[in-house]
Amino acid sequence: MTRFRPAALALAAALALPTGLLAPALQAQSPMDDAQRKAVEEVVRDYILKNPEIILEAVDSLQKRQKMAEEQKAKTALAENKAALFQNPADPVAGNPKGDVTVVEFFDYQCGYCKAVQADTERLIKDDGKLRFVFKEFPILSPASLTAAKAALASRGQGKYLEFHNALMAHRGQLDDDVIQRLAKSVGLDTDRLKKDMNSPEVLKVIAANQALAEELGIRGTPAFIIGDELVPGAIKLDQMKDLVAAARKG
């Protein structure tokens with residue numbers, strides 16, 4: 001059985017026990033001797049054994065408080081980083097550049113879940129003429145993820161970002177340098193220029209900024225969406241995307 005620290009035992013006793021049994025717990029305000037400590041431990045142990053459900057209740061309560069704290073932290077971070085999220089001119093944008101609602105996606109080209117939602121994000125952009133969509137390259141899964149992200153960002157210089165992005169997302173299987181260059185060539189990119197541009201300071205700066213922003217927002221995986229004022233981690237369906245966009249438009 002896991003042993004509780006004396007202070008925690010005293011607190012548990014004070015919270016859980018009838019008034020007549022509070023005296024030992026209240027001694028937590030001053031050092032307890034061994035006899036007092038043992039008495040508290042025995043009372044709390046006996047109470048927990050007779051009422052084991054309080055452990056689950058305590059864990060559930062703690063998880064709820066942690067979730068609320070994380071959600072509040074995320075809302076604060078979103079409010080403090082709106083310009084970096086929505087108005088960074090270095091980010092590729094699709095849809096209506098002057099849209100009334102902006103959706104931001106953090107993604108990785110090696111992420112199966114990102115590929116799974118790709119058709120839905122394309123449909124969302126196509127169906128909603130008032131939507132602005134911002135792409136946040138967030139390569140976290142492998143060295144090939146980083147290579148693909150750099151190549152995709154470099155393709156902006158040739159006006160082919162969206163075509164190349166879609167080709168990378170449509171690819172099934174692992175990416176490597178040869179696959180990335182083949183896909184680039186298939187959408188009409190000058191691969192020699194791409195190889196040069198993908199290691200430019202500007203490209204590396206965008207990726208570093210996205211990584212720092214993701215850390216600030218508590219984003220640890222892909223995909224992750226920001227829709228209006230909502231941070232949505234993980235893959236979501238088209239109907240959920242539309243509902244969130246509608247809510248943001250109303251709000």
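How many of the 251 residues in the protein chain are buried? Buried residues make up 39% of them, where buried means under 20% relative accessible area, exposed means over 50%, and partly exposed lies in between (1.4 Å probe, protein chains only). Keep these words in mind, as we will meet them again.

Before we walk further, a word on what you are looking at. This is a predicted model in which local features need a pLDDT of at least 70 and side-chain atom pairs count only at pLDDT 80 or more, while totals for chains, interfaces and linings use all residues. Residues are numbered from 1 along each chain as its sequence is written, and side-chain values use heavy atoms, with hydrogens and water left out.

The pLDDT is the predictor's confidence in each residue, from 0 to 100. The protein chain averages 87, and 88% of the residues score at least 70. Among the elements of the chain, the lowest mean pLDDT, 42, belongs to helix 1 (residues 6-16), and the highest, 98, to helix 7 (residues 143-154). Over residues 1-28 the pLDDT is below 50, and this stretch has 30 contacts in the model beyond near neighbours in sequence; here contact means heavy atoms within 4.5 Å. Where pLDDT is low, the predicted coordinates should not be read in detail.

The protein chain has 12 helices and five strands; helices (H or I, at least four residues) and strands (E, at least two) are DSSP runs, numbered from the N terminus. Of the contacts in the chain with a separation of 6 or more, 73% are between residues 24 or more positions apart.

Let us see how some helices pack. Two packed helices are described by the angle between their axes and the distance between the axes. The axes are lines fitted to C-alpha atoms, for helices over the stretch in contact, and angles run from 0 to 180 degrees between N-to-C directions.

Start at helix 7. The axes of helix 7 and helix 8 (residues 161-170) come within 8 Å and cross at roughly 155°. That makes helix 7 roughly antiparallel to helix 8; angles under 35 degrees count as roughly parallel, over 145 as roughly antiparallel, 65 to 115 as roughly perpendicular and the rest as oblique. Ala-148, Ala-151, Ala-152 and Leu-153 of helix 7 touch Tyr-161, Phe-164 and Leu-168 of helix 8. By class, this contact of helix 7 with helix 8 has seven nonpolar, no polar and no charged residues. In this scheme Ala, Val, Leu, Ile, Met, Phe, Trp, Tyr, Cys and Pro count as nonpolar, Asp, Glu, Lys and Arg as charged, and the others, Gly among them, as polar.

Helix 7 also packs with helix 11 (residues 201-217), at an angle of about 120° and with axes 10 Å apart. That makes helix 7 oblique to helix 11. Their crossing is right-handed; a crossing is left-handed if the near helix is turned anticlockwise from the far one by less than a right angle, and right-handed if clockwise. Leu-146, Ala-149, Lys-150, Leu-153 and Ala-154 of helix 7 meet Val-203, Leu-204, Val-206 and Ile-207 of helix 11. The residues of this contact of helix 7 with helix 11 divide into eight nonpolar, no polar and one charged.

Helix 8 has a further partner in helix 9 (residues 177-186), with an angle of about 135° and axes 9 Å apart. Helix 8 and helix 9 are therefore oblique to each other, and helix 8 passes helix 9 in a right-handed crossing. Here Phe-164, Ala-167 and Leu-168 in helix 8 face Ile-180, Leu-183 and Ala-184 in helix 9.

Next, follow the chain into the loop between helix 9 and helix 10 (191-197), where Val-187 lies. Is Val-187 buried or exposed? Val-187 is buried, with a relative accessible area of 17%. Leaving aside neighbours within four places in sequence, Val-187 is in contact with Lys-160, Glu-163, Phe-164 and Ala-167.

Compare Lys-98, placed in the loop between strand 1 (93-95) and strand 2 (101-107). Lys-98 is exposed, with a relative accessible area of 77%. Although Lys-98 and Arg-132 are 34 residues apart in sequence, their C-alpha atoms are 6.8 Å apart in space.

Our last stop is Pro-223, in the loop between helix 11 and strand 4 (224-227). A cis peptide bond joins Thr-222 and Pro-223, with omega about -5°.
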